[in-house]
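This briefing concerns an annotated site and its structural surroundings. Please consult the sequence and the structure shown below while reading.

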Amino acid sequence: MTELRTLRDSQDAGESVSTWTNPLRDPRDLRLARIAGPCSLVIFGITGDLARKKLMPAVYDLANRGLLPPGFGLTGFARRDWTDEHFVNFVRENIEQHCRTPFRESTWINLAKGIRFVRGTFDDASAFERLSKTVNELDRDRGTRGNHAFYMSIPPSSFPVVAQQLAASGLSHSSEHAWRRVIIEKPFGHDLASARELDRVVSEVFDPNSVFRIDHYLGKETVQNLLAFRFANAMYEPIWNANYVDHVQITMAEDIGIGGRAGYYDGIGAARDVIQNHLLQLMALTAMEEPVSFRASDLTAEKTKVLSAIRLPQDLAANTARGQYAAGWQGSYKAVGYLEEQGIDPQSTTETYAAVRLDVDTRRWAGVPFYLRTGKRLGKRVTEIAVIFKRAPHLPFESTAVRELGSNAIVIRVQPDEGVTMRFGAKVPGGTAMEVRDVSMDFSYGRSFTESSPEAYERLILDVLLGEPPLFPTTQEVDLSWKILDPIEEFWSSLGTQPQPYRAGTWGPAEADAMLARDNRHWRLP
């Protein structure tokens, strides 16, 4: 009850409560410093895969961890002819199936009291009037105090009409001491021009500081741990530069095909889907200088410097690769090729694999290539950042002693099996000869911490409700990313040829291997 009184006292005092401190928290516990203040979340596209498998479970897990206010509200907007009761059952079913934390009836009962449903289509002004009445009711019945976030889990083509409806119905405008925020899922446009147009439309409705662009990779614990790994440990930062690093490989590989996403994926492709956002953000975090602090403005400043300094190779034919998966075996499963997938044009030139070499024109990274690759139907599901070091300038061993010795490497595993691996040379035990072989030293989150890592969407949704944007790409970052990718897409389009096929279950087209071979390097096998 003390917690509730603290919150209510702040409300009665007329304060603008975005966050509040739990007075019962042990001051030695640094994990749960704040929870969101009075607020609600409205999800457009509530019946889609993202909402069912990620967003609703994340909301429940936040509530289960005590990070949402007691009066939190959740509203779904969709075309289904559902009552509130039907929708509550739908939410519960998906939470029970996908939640990360244990399902507790007490948590669910309190959360369910704030769940509402609004039926309508995006072009139906009357539906948005009903939505406005619903959030006003939440303000009165649940104490949300006019603080509402709108999550657009919808196709980008629908963003403008929803934004305009939110403006026309008054939902985008907050009263004094309250806030309204919008959350936008990637992709942020399909090129620089469309990204700028999207930004213009959204900025006409919401204050730029109230627009949160979701890149769920930035919410993953291991991505955040990259900052701790670099800047909290004295042993790594001195060698994190061109004096010691030979090259960097950033990989996001999937072992699945497009599934039921043909309508979205065809015409978008691997580069727009992954490189423009996820991989360029990982590259910026890997290459950036130490920020003054971990506030949003300071992190953004350093990431922006990296993105501004990225240089495309002059010969795009030799330094980029694209492929399209063909039929093959994915383990024991016989997979069809991309062109045989349901809903795909048999003449489609959309790539399912993309690789590119990029350089960073800064003193720290001059001469160090960054190789980015992503693909579907590859050998395994893995996302990692591999920093490969130069060989020692002198090896005082007989050639036979080190013939199998590779380069030292630090590998940050983003998913799955989150952790860090260090590869180095060690003497083979036994005998008198100095025989050196590669060994690995491994850190695993699962083995080192008793608490499982929160899902990325838990962290990101909470950050939106708190109004803290450090993990969200800014307009400038999005612009710079498209400036990097657009010339590559234009070059591929000018070729007028099909991407090179590769068998499902392999590691991509031969063209990608040749790209690194020209630099006398090879792809790391994750």
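Glutamate 254 is found in the loop that runs between β9 (245–253) and α9 (262–265). The model is a predicted one. The points below begin with this glutamate, turn to its partner lysine, and then take up the neighbouring strands and a tryptophan.

**Annotated positions**

**Glutamate 254**
- Glutamate 254 has a relative accessible area of 17% and therefore counts as buried, the cut-off being under 20%.
- Residues up to four places away in sequence aside, glutamate 254 touches Gly375, Lys376, Arg377, Leu378, Lys380 and Arg381.
- The side chain of glutamate 254 is joined to that of lysine 376 by a polar contact of 2.8 Å.

**Lysine 376**
- Lysine 376, the partner in that polar contact, is located in the loop between β15 (369–375) and β16 (382–389).
- The relative accessibility of lysine 376 is 2%, so this residue is classed as buried.
- When residues up to four places away in sequence are not counted, the residues touched by lysine 376 are Glu254, Ile256, Gly257, Ile258, Arg261, Tyr265, Tyr325, Thr352 and Tyr502.

**Strand β9 and its pairing**
- Strand β9 is mostly covered, with 8 of its 9 residues buried.
- Which strand pairs with β9 in the antiparallel sense? It is β16, and the pairing extends over 8 bridges.
- Within β16, isoleucine 385 stands opposite isoleucine 250.
- β9 also pairs with β15, here in the parallel sense and over 6 bridges.
- Glutamine 249 has tyrosine 371 in β15 as its bridge partner.

- Tryptophan 240 occupies the loop between α8 (221–231) and β9.
- Is tryptophan 240 buried or exposed? Tryptophan 240 is buried, because its relative accessibility is 1%.
- Although 147 residues separate tryptophan 240 and valine 387 along the chain, their C-alpha atoms are 8.7 Å apart.

Methods
Residues are numbered from 1 along each chain as its sequence is written. This is a predicted model: local features need pLDDT of at least 70, side-chain atom pairs count only at pLDDT 80 or more; totals for chains, interfaces and linings use all residues. Side-chain values use heavy atoms; hydrogens and water are left out. Helices (H or I, at least four residues) and strands (E, at least two) are DSSP runs, numbered from the N terminus. Buried means under 20% relative accessible area, exposed over 50%, partly exposed in between (1.4 Å probe, protein chains only). Contact means heavy atoms within 4.5 Å. A polar contact is a pair of N or O atoms within 3.5 Å; within protein, one must be able to donate a hydrogen and the other to accept it, and residues adjacent in sequence count only if both atoms are side-chain atoms. Two strands pair if DSSP finds at least two bridges between them.
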